[in-house]
Amino acid sequence: MGQVYRARDTRLDRDVALKVVALEGKAGSRAEREVEAGARLRHPRCLRALSLARDERHVYVAYPYVAGTTLREAFRAGELDVEGAVEAAAQVLDALAHAHRKGIVHR
């Protein structure tokens, strides 16, 4: 739905994951609803937005930056075995179940 960049919040001296979504079509309003829905979640595996902004062409959402690799990269590099992949999937499903209990369905 958008592009995500590693960016620097110079005011608070921290790295963030900056999601940039074009306002074309429904994507911009979806991004804003995503932030509103995520604000209701209180779970260790659910990251909440740090800030939300928009201009004439884009919606910008800053999330905490989490260093690391993707599951695919870790699996291909041999850093993640099948047992670790199952544990990672269980953690994702736990977070999704929390969202569902709050009435939020992840697309």
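1. Helices, runs of at least four residues, and strands, runs of at least two, are DSSP runs numbered from the N terminus. On that basis, R48 lies in the loop between α1 (27-38) and β3 (51-54). The model discussed here is a predicted one.

2. Overall make-up. The protein has three helices and four strands. Along the sequence they follow the pattern β-β-α-β-β-α-α. Taken along the principal axes, the box filled by the C-alpha atoms is roughly 45 × 35 × 30 Å.

3. Burial and contacts. Of the 107 residues in the protein, 27% are buried. Among contacts with a separation of 6 or more, 48% are between residues 24 or more positions apart.

4. Residue H58. This residue belongs to strand β4, which covers residues 58-64. Is H58 buried or exposed? H58 counts as buried because its relative accessibility is 19%, and the cut-off for buried is under 20%. Leaving aside residues up to four places away in sequence, H58 touches V20, V21, A22, L23 and A53.

5. Surface as a whole. The protein has an accessible surface of about 8,000 Å². Carbon and sulfur atoms account for 52% of that surface.

6. Charge. The protein carries 19 positive and 15 negative charges.

7. Positive patch. Which residues gather in a patch of positive charge on the surface? They are R40, R42, R48, R101 and K102.

8. Nonpolar patch. F75, V82 and V86 make a nonpolar surface patch of about 300 Å². V82, one of these residues, is found in helix α3, which spans residues 82-101. V82 counts as exposed because its relative accessibility is 58%, and exposed means over 50%.

9. H58 in strand β4 is an example of a buried residue. V82 in helix α3 is exposed. R48 belongs to the positive patch, while V82 belongs to the nonpolar patch.

How values were computed:
Residues are numbered from 1 along each chain as its sequence is written. This is a predicted model: local features need pLDDT of at least 70, side-chain atom pairs count only at pLDDT 80 or more; totals for chains, interfaces and linings use all residues. Side-chain values use heavy atoms; hydrogens and water are left out. Buried means under 20% relative accessible area, exposed over 50%, partly exposed in between (1.4 Å probe, protein chains only). Contact means heavy atoms within 4.5 Å. Patches are made of residues with over 30% relative accessible area and no salt bridge: like charges are joined within 9 Å, nonpolar side chains (Val, Leu, Ile, Met, Phe, Trp, Tyr) within 5 Å. Accessible areas come from the Shrake-Rupley method with a 1.4 Å probe; for residues, only the protein chains shown count as cover. A salt bridge is a side-chain nitrogen of Lys or Arg within 4 Å of a carboxyl oxygen of Asp or Glu. Lys and Arg count as positive and Asp and Glu as negative; His and the chain ends are not counted. The place of a charge is taken as NZ of Lys, CZ of Arg, CG of Asp or CD of Glu.
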